[in-house]
Amino acid sequence: MKGLAVLVAIALICATALSRAGERAIEPAPPPAPQSLDAAQITLGSRLAAVGDCIVCHSAPDSAPFAGGRALNTPFGTIYSTNITPDTETGIGSWTLAAFSRAMRNGVSRDGHLLYPAFPYVHYTRMSDADIAAVYAYLMSRDPVRATAPSNKLIFPLNFRPLIAGWNLLYLHPGPEALDSPDSPAGPIGAANAAAQNTPNATNIHDPQWQRGRYLVDGLGHCAACHTPLNLLGAEKRKAALQGGTIDGWDAPPLTALLQAPTPWTREQLVDYLRSGLASEHGAAAGPMRPVTETLAGATNEDVEAIAVYLLSLQTPARVQLSALPAQAASQAEDRRAERPFQTQAATLPGATLFAAACASCHSASAPMSTNGERPSLAQGTAVNADSPRNALRMILDGIGWQGSTSAHFMPPYAQLFTDAQIADLANYTRARFSTREPWPSLDAAAVARIRKESRQP
């Protein structure tokens, strides 16, 4: 009987989904005249688009901004982002505000076809009408670009769009959430617990700045899309919201463990990192996070501060180490490091010579980059202290690209210089030399080879 009930439930979901799979088309309309767009609304829209990282996903390498074509790799295949410039044939120039709002709230294109949830409408649905209208005005003020994205490459039957209706029934909850909603993916539970424990980052959840931060993180900023593990259907595990995920071959670290870093994050450090990609006590943004910080530079400082306030309120009491305050963390880390027997053996590891030759000129304690540039030690970095070696390996393989700016951070890639075995040795040495944790188990040439296949570098 239980099996029959499950089959009946599945059949009902499928039938309901198919009944909603065909949405009506909204008639095309000419784009609004540039002189009809409100300048203040466009400015607001540009700042909101920066928080939403619209340009990151909707711009392919070496192509026009917002013209689409960027490959988004998913466990189910590759989805290419669409053109969101006001071109009337290949972009959204023929979309009315109503059509744009429907896409943002319900994941439905102007012509009625369902959008894949790689477009995070499950988060954008929480935006206010005014903010959606501002983003629409900003996009309509851009120069139209004629560009058609490549066809998606998804496994069967997931390339059958009507199935998305069933996914939406399970995971799309349209409209803003109430402040005290118990189902909020990043709701006030963490903040309430933190306040109860009187942590350094405790915040009143009814404070307007906290509420603004929650609105941006959970909605437009869609932070959980990267920093939350996914289930078998590619949906976020709501009970593990912001507890870490994997994106583009990189580990997105948990945002609920910011006080567990060797130097616990402060609000000021988090704001600096989000706006510049560099935090003085933690390290530099790399991988998918780097372009996020580049676009957040265009957001208002007030919005980024609100994001920081909200994220720091989510640190759960079980993870808070009240003794590890920023002023004490560095010396405590050195004390713990001195107690580890393998720390004294690091110099004998095979990677020590490689580090001296390729890395020490930037990352040794006496290197000019560290002494004059005020760059943090590798001991402070997330990658070296992480549970998984994935990000450390990706950093060594891919590096951080040069942006031609004196304020930008840079690291050359070593994918073509070192063998898999050498990269494993280098990562193991770095972990032993700088981390306060035990070396990664089973980090060898085979592990590097698996990560190398996911890397952009050959």
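These legends go with a set of close-up views of one predicted model.

Before you look, note that this is a predicted model, where local features need pLDDT of at least 70, side-chain atom pairs count only at pLDDT 80 or more, and totals for chains, interfaces and linings use all residues. Residues are numbered from 1 along each chain as its sequence is written, and side-chain values use heavy atoms, with hydrogens and water left out.

**View 1. Here is an open sheet of three strands, in the order 1-2-3 with antiparallel pairing.** Strand 1 (71-74) and strand 3 (153-154) sit at the edges with a single partner strand each, so one side of each has no neighbour in the sheet. Strands (E, at least two residues) and helices (H or I, at least four) are DSSP runs, numbered from the N terminus. Two strands pair if DSSP finds at least two bridges between them. In general, strands of a sheet pair through backbone hydrogen bonds, either parallel or antiparallel.

**View 2. Now for the pairings of strand 2 (residues 77-80).** Four antiparallel bridges link strand 1 and strand 2, and L72 faces I79 in strand 2. To get from strand 1 to strand 2, the chain makes a hairpin through two residues. Strand 2 and strand 3 also run antiparallel, joined by two bridges, with T78 opposite K153 in strand 3.

View 3. Is S81 buried or exposed? With a relative accessible area of 5%, S81 is buried (buried means under 20%, exposed over 50%, partly exposed in between, using a 1.4 Å probe and protein chains only). A polar atom of the S81 side chain lies 2.6 Å from the backbone oxygen of C57. Leaving aside neighbours within four places in sequence, the residues in contact with S81 (heavy atoms within 4.5 Å) include C57, H58, G68, L72 and A149.

**View 4. Check out the cis peptide bond from F156 to P157.** Omega is near 5° here, and P157 is in the loop between strand 3 and helix 7 (163-171). Most peptide bonds are trans, and most residues other than glycine have a negative phi. Keep the phi part in mind for the next view.

**View 5. What sort of phi does L242 have?** L242 has a positive phi, about 65°, although it isn't a glycine. You'll find L242 in the loop between helix 10 (224-227) and strand 4 (245-247), where L242 is buried at 1% relative accessibility.

**View 6. D248 is another non-glycine residue with a positive phi, near 50°.** D248 is in the loop between strand 4 and strand 5 (250-252), and at 34% relative accessibility D248 counts as partly exposed.

Technical notes:
A polar contact is a pair of N or O atoms within 3.5 Å; within protein, one must be able to donate a hydrogen and the other to accept it, and residues adjacent in sequence count only if both atoms are side-chain atoms.
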